[in-house]
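Hi,

Here is the structure I promised to pass on to you. Have a look at it first, and then read on for what turned up in it.

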Amino acid sequence: MKKLMIGNDAIARGAYEAGATVATAYPGTPSTEIVSSFARYPGVYAEWSPNEKVAMEVGAGASMGGARTLVAMKHVGVNVAADPLYTFVYTGVNGGLVIVSADDPGMHSSQNEQDNRGYGRFAKLPVIEPSDSQEAKDYTRLAFTISEEFDTPVMLRITTRLAHSQTLVLEGERQEIGIKDYKKNAPKNVMLPGFARERHVEVEKRLLKLKEYAQTSELNRIEWGDRSLGVITSGVCYQYVKEVLPDISVLKLGMVNPLPDKIICEFAAGVERLVIVEELEPVIEEQVRSWGIAVEGKELFTLLGEYSPEFIEERLGGGAQSAGFGLDKEIPARPPLLCPGCPHRGVFHTLKKMRLTVMGDIGCYTLGALSPMDGMDACVCMGASIGTALGMEKARGREYAGQVVAVIGDSTFVHSGITPLIDIVYNQGTSTVVILDNSTTAMTGHQDHPATGFTIKGEPTAKLDLEALIKAIGIKNVRVVDPLQLDQLEQALKEELQRREPSVIIAKRPCALLQKPPADIKMVVENELCKGCKLCIRIGCTGIYFIEDKKLAAINPNTCVNCGLCAQVCTFDAIKIMEG
Ligand SMILES: Cc1ncc(C[n+]2csc(CCOP(=O)(O)OP(=O)(O)O)c2C)c(N)n1
């Protein structure tokens, strides 16, 4: 039976049908649903790993142990996992291993736009790229076969558009292939220089074999049509090209590393004009050009952002049935905002009030950087807040450290905040770190992590005790505060910033979306007391708004969750919590 599936669910299905028994991941849009979806199949093991490096390592171990294994992450996660990945390419696999890299052209929810097809050449591993959900499932299955046949991890590269769009998928039966035998094999699996030199030879031989495979594989196919224009493309761009220019000749590449040079040369010789349509980097274009083939690519298209059928049509003409899903009405811009009742709001309101230098991190709380809170000075990648705060202190001196804080979410702290905190202790920093502990990975949709006490399947497990961990690192000053108690929070910050030693403040309160708003109270503005000063509006909450002609603040009962933050910032006591 055919089912509508998003690409991510189709990948999970493909892994299940291929007989995979292990899947690991750290959440990250647009990859998150892959392993949470896989976890719902019977008889499989799946985990949220603390970070992508660990996910890759657990995956590598499972593969060595004989299991077909799926490892999934967003594109920047591959940077975190790159160290084990590169050398795992040398050892090769036992059970097949497929690593999904979910790239994000257009940066719908990412801090950069890197094109992970580049990892194929850089780390010397095969990369395959589906163009719809059916292919996502089929290619995942095939990737396990390629992995075992060529003794290599295989990267399945997808993009946001594929991960989250739905197309029909024909489900198949699960192959019950079981767990392969495990035999100790140090020259293959112990990457000492002496052994690794031998393995590098194998990697190069394997790449040549993969290149041969790419020439005949069903993954790459020529669709001859009008030969006045030939397009080489892959992934979702293939669908755009077919939609806009259904009659031209197309070389669809399902394997984007290594490239099938013979097919490409045959295709190039068969068309009058050759164009390469690929989002982001000219990965295919540069290689084709280097073989002396005349080709058009990035001079027509951009290195930036996502493509669309309309964009391809604008650059190449055609327009057979351009989707034209545009709306005739302008939709008002809706900037992302912290939710009403979000515990992070209290922290950023206070940090701004105290005019501190805030080294930020990645999570829902990165929205604290936006107006009206404007509460962040820097944000680079997951875990960077603590190291950058220490660097700021080392550059500007101890006195300045009294006004620098690092802010980091609980999931991010476990992901990559622990080692920089050790650095602060080891190298005698005095920074103050605020852990924004909302007891979940909120940004990517409330996934559990080691400090929530639940597994990916929602089963109870050991709960990482953050306070005990931080103390064990050697931080003497650890305290827990409620971020919606502004006085308490400000006092804690003042005291800890004055110290000539490092401190951690755990701002602890569950994500507003995980709690039911209290039903027995509600917020009201007493009009006689409101002076129209707009202080309450500066907390950036959609639960409160300003009526310009009346010069009065008002509560929006549809969005307010009665957290009481606006009442705390009102200096005229005009906002009241009403019982009953
Ligand atoms: C290397 C990497 N992996 C994953 C992500 C996606 N991501 C961004 S922040 C984040 C965690 C957010 O959780 P937390 O730190 O607890 O903050 P919250 O959103 O709950 O406020 C994740 C998974 C990323 N940006 N980079």
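**Around the ligand**

By class, the shell around the ligand is made up of 11 nonpolar, 10 polar and three charged residues. Please keep in mind that this is a predicted model. Of the 24 residues around the ligand, those that come nearest are G28, G363, G409, S411 and A442.

**Where the ligand sits among the domains**

The protein divides into four parts: domain 1 (2-216), domain 2 (220-316), domain 3 (343-514) and domain 4 (521-579). As for domain 2 and domain 4, their C-alpha centres are 56 Å apart.

**A look at helix α18**

Helix α18 covers residues 418-426, and P420, L421 and I424 are buried in it. These three span an arc of only 105° around the axis, which means that they are on the same side of α18. Their packing partners are α15 (384-396), β16 (432-437) and α19 (466-473). What does the face turned away from the buried side of α18 carry? There you will find T419 and Y426, both exposed. Just after α18 comes Q428, with a positive phi of about 55°.

Best wishes

Definitions and conventions:
Residues are numbered from 1 along each chain as its sequence is written. This is a predicted model: local features need pLDDT of at least 70, side-chain atom pairs count only at pLDDT 80 or more; totals for chains, interfaces and linings use all residues. Domain bounds come from an automatic or database domain assignment. A residue is near a molecule or strand if its C-beta atom, placed from the backbone, lies within 6 Å of it. Ala, Val, Leu, Ile, Met, Phe, Trp, Tyr, Cys and Pro count as nonpolar, Asp, Glu, Lys and Arg as charged, and the others, Gly among them, as polar. A residue is buried if 20 or more other C-beta atoms lie within 10 Å of its own, exposed if 12 or fewer, and partly exposed in between; C-beta atoms are placed from the backbone. Helices (H or I, at least four residues) and strands (E, at least two) are DSSP runs, numbered from the N terminus. The arc is that of the directions from the helix axis to the C-beta atoms. Two residues are in contact if their C-beta atoms, placed from the backbone, lie within 7 Å.
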